[in-house]
Amino acid sequence: MNKYSIMLVDDHPLIVAGIVNIAQKTSDFEVIATASNGQTALKQLMNLTDQLDLLIFDYSMPQMDGNEFLNELNRRNYTFRKMLLTTVEEPAIFEKMLHSGLDGIVLKTAPVAEILSTAKFLIENPQSTDVGTEVKNLTKARENPLVELDSQILTLIAEGKHVKEIAQQMSFSERTIKYHLTEIYNQLGAVNRAQAVAIAISKHWIKL
């Protein structure tokens, strides 16, 4: 059985050595190249593109970060699969890179089996994307916790309306509006209306 060819781009020698060692013990992968930064990797790729199935790279690297590296890969129209393996825990960065053509993301703290299974899935399913369990949890935590009714109430609060006005406009009792405000504070971890509004606006969960 032919092994899948992968390249590692990471400026941490221990990470690279660890993955190379793991790959050597499997029947699925062969590490055919490594590089400590994006610039070096791009030079090596000129002779490797026909052989490569998957490129695994870090986000925090010297000379260019993972997003810049991905953009350069895209500019060169490389067709191998691309997976981010990182300690960065920023859902906004993940979303941006996935929209830019990244195929998969796994945190370095994930079990080795998950890193390898994600790599194999990406290679064997060329039209799919995949992210590790920890990445999914981070993304989920960033999702809007407010239901539509709560968003409407908080938007009206942000517009300067009082509870009595909101109750009349939405055909609810003032008690109901106050109840929902309490639930909103709990959902957002806010202590008052101003803080709740500030959090929701900063997260783009409500718009004025």
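**Exercise 1.** By class, how many nonpolar, polar and charged residues does the lining of the largest pocket have?

*Solution.* First, some ground rules: this is a predicted model, where local features need pLDDT of at least 70, side-chain atom pairs count only at pLDDT 80 or more, and totals for chains, interfaces and linings use all residues. Residues are numbered from 1 along each chain as its sequence is written, and side-chain values use heavy atoms, with hydrogens and water left out.

Step 1: list the lining. Leu14, Ile15, Gly18, Ile19, Ile22, Leu85, Lys108, Ala110, Val112, Ile115 and Leu116 line the largest pocket (lining residues have an atom within 4 Å of a point on a 1 Å grid over the protein atoms alone; a pocket is an open set of points where a 1.4 Å probe fits, with protein on both sides within 12 Å along at least five of seven lines).

Step 2: sort them. You get nine nonpolar, one polar and one charged (Ala, Val, Leu, Ile, Met, Phe, Trp, Tyr, Cys and Pro are nonpolar; Asp, Glu, Lys and Arg charged; the others, Gly among them, polar).

Step 3: trace the source. α1 gives the largest share, five residues.

**Exercise 2.** Work out how α7 and α10 are arranged.

*Solution.* Step 1: the axes of α7 (residues 148-158) and α10 (residues 193-202) come within 10 Å and cross at roughly 110° (axes are lines fitted to C-alpha atoms over the stretch in contact, with angles from 0 to 180 degrees between N-to-C directions; helices are DSSP runs of H or I, at least four residues).

Step 2: α7 and α10 are therefore roughly perpendicular (65 to 115 degrees).

Step 3: Leu154, Ile157 and Ala158 of α7 meet Arg193, Ala196, Val197 and Ala200 of α10 (contact means heavy atoms within 4.5 Å).

Terms used. Helix = DSSP H or I, 4+ residues; strand = E, 2+ residues; numbered from the N terminus. Parallel < 35°, antiparallel > 145°, perpendicular 65-115°, else oblique.
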